[in-house]
Amino acid sequence: MKDQNCAYCMRQEKPELLDAFGVYICDLSVSSLILFKEQSHPGRCIVAYKDHVSELVNLSEAERDAFFADVARAAKAIHAAFHPDKVNYGAYGDTGCHLHFHLVPKYREDDFEWGGVFAMNPGRKTLSEAEYAEMIEKLKANL
């Protein structure tokens, strides 16, 4: 069942919801890969589960394993494309309640938030459409 106010559920019907914070990249096996528009951490993405479920415990073992395989696949692509020193993983959803993970590459040479928790939306760096497209192509080439 879709939530009519959920950016992940309504990606096609109400694209403006997702456009407020992300750019759709592609579908994975049981989820969607989204480039986070705020790019203080180059390569930051979201992996959102295909169905509107709130918690990992709402998934069967097979569904959970497939979702984590998608998260790992996206993380490998981020590592290959952008060479971070570490990828942080965040699963929140207090307000959105749609199962998703933030994959946040961290870089030692950029001391912004190195060694600390990443800000949900620091508002420091957005890109041009061409720059987003270039990042997406790098990620797709490494999926």
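This note comments on aromatic pairs, charged side chains and a surface patch in a predicted model.

1. Aromatic pairs in general. Two aromatic rings are described as a pair by how far apart their centres lie and by the angle between their planes.

2. Y49 and F67. These two rings form an edge-to-face pair, with 5.7 Å from centre to centre and 85° between the planes. The pair links distant parts of the chain, since Y49 belongs to strand β3 (residues 45-49) and F67 to helix α2 (residues 61-82), 18 residues apart. Y49 has a relative accessible area of 2% and is therefore buried; F67, at 0%, is buried as well. Ring pairs also join Y49 and F67 with F68 and F101 into a cluster.

3. Y92 and F118. The ring centres of Y92 and F118 are 6.2 Å apart and their planes meet at 70°, so this pair is edge-to-face. Y92 lies in the loop between β4 (86-90) and β5 (100-106), and F118 in the loop between β5 and α3 (129-141), so the pair ties together parts that are 26 residues apart in sequence. Y92 counts as partly exposed because its relative accessibility is 41%, whereas F118, at 8%, counts as buried.

4. Charges over rings. The charged end of R11 sits over the ring of Y24, at 3.7 Å from the ring centre. For R124, the charged end sits over the ring of F112, 3.8 Å from its centre.

5. K37 and D19. The whole structure contains five salt bridges according to the search. One of them joins K37 to D19, with the closest N and O atoms 2.8 Å apart. This pair links distant parts of the chain: K37 is in the loop between β2 (31-36) and β3, and D19 is in helix α1 (residues 15-19), 18 residues apart. K37 is buried, at 16% relative accessible area, while D19 is partly exposed, at 44%.

6. R108 and D85. A salt bridge joins the side chains of R108 and D85, at 3.7 Å from N to O. R108 lies in the loop between β5 and α3 and D85 in the loop between α2 and β4, so the pair ties together parts that are 23 residues apart in sequence. R108 counts as exposed because its relative accessibility is 54%; D85 is partly exposed, at 35%.

How values were computed
Residues are numbered from 1 along each chain as its sequence is written. This is a predicted model: local features need pLDDT of at least 70, side-chain atom pairs count only at pLDDT 80 or more; totals for chains, interfaces and linings use all residues. Side-chain values use heavy atoms; hydrogens and water are left out. Rings of Phe, Tyr and Trp (its six-membered ring) pair if their centres lie within 6.5 Å; planes under 30 degrees apart count as stacked, over 60 as edge-to-face and the rest as tilted. Helices (H or I, at least four residues) and strands (E, at least two) are DSSP runs, numbered from the N terminus. Buried means under 20% relative accessible area, exposed over 50%, partly exposed in between (1.4 Å probe, protein chains only). A charge sits over a ring if NZ of Lys or CZ of Arg is within 6 Å of the ring centre and within 35 degrees of the ring normal. A salt bridge is a side-chain nitrogen of Lys or Arg within 4 Å of a carboxyl oxygen of Asp or Glu.
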